[in-house]
Amino acid sequence: MAGLSDKRCVKVSRYRLLLLPALLGSVMILTHCDSGPPPGGGPTYRELGCNLCHGEGREGTEMGPSLQAVHEHWTPEKLSTYLEDPESYLSTDERLKAISTRFSAHMPQLPMTEEQKRLVIEFILKSR
Ligand code: HEC
């Protein structure tokens with residue numbers, strides 16, 4: 001009986017040897033896909049605090065909507081106008097108005113340099 005379980009043990013550790021690289025592989029793939037925002041605008045997005053309401057991966061939070069499909073609705077020019085004065089833009093855009101009813105606070109007007117604005121727009125317009 002003891003011999004049998006030894007054999008089983010060898011079998012299991014052989015599987016383990018095979019499983020380990022497979023596991024490591026998938027972890028690496030996962031962490032690669034999940035490694036957060038691409039470089040460039042990512043740091044600016046965080047620096048300005050957009051992540052606090054729109055989520056690290058732009059997936060949205062209870063404070064703000066997802067920004068993952070922003071490229072479908074916005075051009076860089078429109079976004080630039082929006083970021084300068086989100087409140088007044090809101091009244092001109094029915095879709096945005098509908099979104100805003102889901103949140104208790106509105107999109108704030110955040111002070112940013114032209115460079116920060118350019119980077120953050122570039123970042124949020126990148127499709128995933
Ligand atoms: C205090 C929370 C908060 C912060 C911080 C914030 N937002 Fe928002 N944002 C919102 C809310 C809420 C809306 C939905 C519109 C509304 O109610 O004003 C919105 C809407 C938007 C939209 C329009 C989404 C759409 O579907 O078209 C964009 C783009 C956007 N935010 C970008 C940003 C960027 C870029 C930053 C950082 C500079 C930022 N937001 C920071 C709360 C926030």
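Student: How do the residues of the shell around the ligand divide into nonpolar, polar and charged?
Tutor: This is a predicted model, and in it the shell holds 20 nonpolar residues, six polar ones and no charged ones.

Student: Which residues are closest to the ligand?
Tutor: The closest are Cys50, Cys53, Gly64, Ser100 and Met107, out of 26 residues that surround the ligand.

Student: And which elements give two or more residues to that shell?
Tutor: Those are α3, α5 (86–90), α6 (94–100) and α7. The largest share, four residues, comes from α3.

Student: Stepping back, how many helices and strands does the chain have?
Tutor: The chain has seven helices and zero strands. From the N terminus on, the order reads α-α-α-α-α-α-α.

Student: What share of the chain counts as buried?
Tutor: Of its 128 residues, 14% count as buried.

Student: What about contacts, how many join residues at least 24 apart?
Tutor: 55% do, taken among contacts between residues at least 6 apart in sequence.

Student: Ok, the core. Which residues make up the largest nonpolar core?
Tutor: That core has 11 residues in all: Tyr45, Cys50, Leu67, Leu79, Tyr82, Leu83, Leu119, Val120, Ile121, Phe123 and Ile124. The elements that give two or more residues to this core are α4 and α7. Helix α7 gives the most, with five residues. As a general point, nonpolar side chains in soluble globular proteins tend to be buried together.

Student: Tell me about α7 then. How many residues has it, and how far does it reach?
Tutor: Helix α7 covers residues 114–125, so by count it has 12 residues, and it reaches 16 Å from its first C-alpha to its last. That is close to the 16 Å expected at 1.5 Å a residue.

Student: Which of its residues are buried, and what do they pack against?
Tutor: The buried residues of α7 are Leu119, Val120, Ile121, Phe123 and Ile124. They pack against α2 (42–47), α3 (50–54) and α4 (76–84).

Student: New topic, Arg58. Where is it found?
Tutor: Arg58 is in the loop between α3 and α4.

Student: Is Arg58 buried or exposed?
Tutor: Arg58 is buried, because 22 other C-beta atoms lie within 10 Å and the cut-off for buried is 20 or more.

Student: What does Arg58 touch?
Tutor: Not counting residues up to four places away in sequence, Arg58 touches Ser66, Leu67, Gln68 and Ile124. Arg58 and Ile124 are 66 residues apart along the chain, and their C-alpha atoms are separated by 7.9 Å.

Student: Last one, Asn51. Which helix does it lie in?
Tutor: Asn51 lies in helix α3. Asn51 is partly exposed, with 19 other C-beta atoms within 10 Å.

Student: What is Asn51 in contact with?
Tutor: Leaving aside neighbours within four places in sequence, Asn51 is in contact with Tyr45, Arg46 and Glu56.

Student: How far is Asn51 from Gly64?
Tutor: The C-alpha atoms of Asn51 and Gly64 are separated by 9.3 Å, and the two are 13 residues apart along the chain.

Conventions:
Residues are numbered from 1 along each chain as its sequence is written. This is a predicted model: local features need pLDDT of at least 70, side-chain atom pairs count only at pLDDT 80 or more; totals for chains, interfaces and linings use all residues. A residue is buried if 20 or more other C-beta atoms lie within 10 Å of its own, exposed if 12 or fewer, and partly exposed in between; C-beta atoms are placed from the backbone. Two residues are in contact if their C-beta atoms, placed from the backbone, lie within 7 Å. A residue is near a molecule or strand if its C-beta atom, placed from the backbone, lies within 6 Å of it. Ala, Val, Leu, Ile, Met, Phe, Trp, Tyr, Cys and Pro count as nonpolar, Asp, Glu, Lys and Arg as charged, and the others, Gly among them, as polar. A nonpolar core is a set of buried Ala, Val, Leu, Ile, Met, Phe, Trp, Tyr and Cys residues joined through C-beta atoms within 7 Å.
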